[in-house]
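User: I'd like a close look at one part of this model, the ligand site, and then a quick tour of the pockets. Could you walk me through it?

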Amino acid sequence: MNELNEKGLPETLIRRQLELKLQEDLTYDRGQILGSMCTRPHRFAEQVYMKCLEKNLGDPGLFPATVELEKEAIKLLGSLLSNPKACGHFVSGGTEANITALWAARNLSKEEQSEVIVPASAHYSFDKAADLLSLKLIRVRSNEGFQVDTAAVKKEITSDTLAIVGIAGTTDLGVVDPIPELSEIAVAHGLYLHVDAAFGGFVLPFFKDLGYANFDFDFKSPGVSSITVDPHKMGLAPIPAGGIFFRNEKIMKSISVEVPYLSGGNTIQSTIVGTRSGASAVAVWALLMHLGRAGYRAIVKRCMDLTWKLAEGIEAMEEVSLVTKPVMNIVGIKSSKIDIHLLAEKLRERGRAVSVFPHHIRVAVMPHVKLEHVHDFLNDLENAVKEST
Ligand code: 0PR
């Protein structure tokens, strides 16, 4: 069907068609999705979201209450990131947040500066940002712990450098770069430091209370200028919900644009997009209020307990092993004997969708993953390994 019908079809018929057409999509609840950084949104957030579909943060004069709720949610998360004075916005995702951060960094730099130093593990959103903003990315190697090598970062700094990026929860393995050290480097050289905690931002703040290894990754380090934290990853918010947080208004103002004609009078926008989902922001606010610290802590604990169970199971196998001891709820599986791509294919044949990096398989133990899914996955992995050798 390539042309729009002249006459519309009845809702019931379309509903039936949709049910059939959408059947091929995988679902979170059956334990099939094991390589995704997203999860089934929290039921309460879904309900709130559905009630706010018309709200547009791009027109504050029409939706001042929604704007207020966004500000409150940003403040709550800013406090969680050790800076109640932080400002920022909910955006479409980590990609938009990272582009926004480098946009601010570039606007605050000198005209001749064009280089951004990023870890080898940086998400591909930084490549998009560099392309859009005409910046040059300098990728720096990792150390044996898969964190960025800070000595190598120092070596790459020149008069062309305008920013450094650190990752708190790398896409491939969930490790945390040494942000306090990067902060010292940034302060010493007067550079902008952006932390990509798209994944880790809703995990790491709860580690201390849970008695796990503590990681300083946020505004506590004085050199950190901005942080990406995505509610639609470990925050359990409905997609789209990314978050960009700036240390202060001055940084955010560097990307502000005046919109003079809207009904609420002169409006300042500091986001890439104009029309922006109010439903996302209200849903995040509601979820933060509903879950509180204890709610998120419990979610993180459950994910970590399952992560360690999964890691144990992998360690007990012969042909595969862990890339590194999991830091967060992300597990890297490698093998010196089996082609990892073939192994991922065999898992996919068994209905297990994992992500494949050049040298390992990534499993993200998200809130939708249950204990039985971990057991079933380990079983399937064992059989897939047998088939691949
Ligand atoms: N920063 C980091 C550290 C990320 O891991 C990601 C996405 C981003 C930024 C960009 O976030 P958005 O995708 O929200 O723009 N990491 C996931 C990944 O590449 C994205 C993802 C999520 C992929 C769910 C698949 C999936 O099912 O794995």
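Which of the 17 residues around the ligand come nearest?

Analyst: Some ground rules before the tour. This is a predicted model, where local features need pLDDT of at least 70, side-chain atom pairs count only at pLDDT 80 or more, and totals for chains, interfaces and linings use all residues. Residues are numbered from 1 along each chain as its sequence is written, and side-chain values use heavy atoms, with hydrogens and water left out.

Now the ligand. Of the 17 residues around the ligand, the nearest are Ser36, Thr95, Thr171, Asp196 and Arg362; a residue is in this shell if one of its heavy atoms lies within 4 Å of the ligand. By type, the shell splits into 3 nonpolar, 10 polar and 4 charged residues. Here Ala, Val, Leu, Ile, Met, Phe, Trp, Tyr, Cys and Pro count as nonpolar, Asp, Glu, Lys and Arg as charged, and the others, Gly among them, as polar. Helix H4 (residues 94-108) supplies the largest share of the shell, 3 residues; helices (H or I, at least four residues) and strands (E, at least two) are DSSP runs, numbered from the N terminus.

As for polar contacts (pairs of N or O atoms within 3.5 Å), the side chain of Thr171 has an N or O atom 2.8 Å from a ligand oxygen. A backbone N or O atom of Gly94 sits 3.0 Å from an oxygen atom of the ligand, and for His123 a polar side-chain atom lies 3.4 Å from a ligand oxygen. On its own the ligand has 590 Å² of accessible area, and the protein covers 77% of that (Shrake-Rupley method, 1.4 Å probe). Domain 1 (11-42 + 292-388) and domain 2 (44-290) both give residues to the shell, so the ligand lies between them; the bounds come from an automatic or database domain assignment.

On to the pockets. A pocket here is an open set of points on a 1 Å grid over the protein atoms alone, with protein on both sides within 12 Å along at least five of seven lines; lining residues have an atom within 4 Å of a point. Points are joined across faces, edges and corners, and a volume is the space filled by probe spheres set on them, with a 1.4 Å probe.

The second largest pocket holds about 410 Å³ of space. Both domain 1 and domain 2 give residues to its lining, so this pocket lies between them. Its lining has 18 residues, with Ser121, Asp172, Phe357, Pro358 and His360 nearest the centre, and divides into 9 nonpolar, 7 polar and 2 charged.

The largest pocket has a volume of about 490 Å³. Its lining takes in 25 residues, with Val67, Lys71, His89, Met252 and Ile268 nearest the centre. H3 gives the most, 7 residues, and helix H3 (64-80), strand E1 (87-91), helix H8 (249-253) and strand E9 (267-269) each supply at least two.

Note on methods: A polar contact is a pair of N or O atoms within 3.5 Å; within protein, one must be able to donate a hydrogen and the other to accept it, and residues adjacent in sequence count only if both atoms are side-chain atoms.
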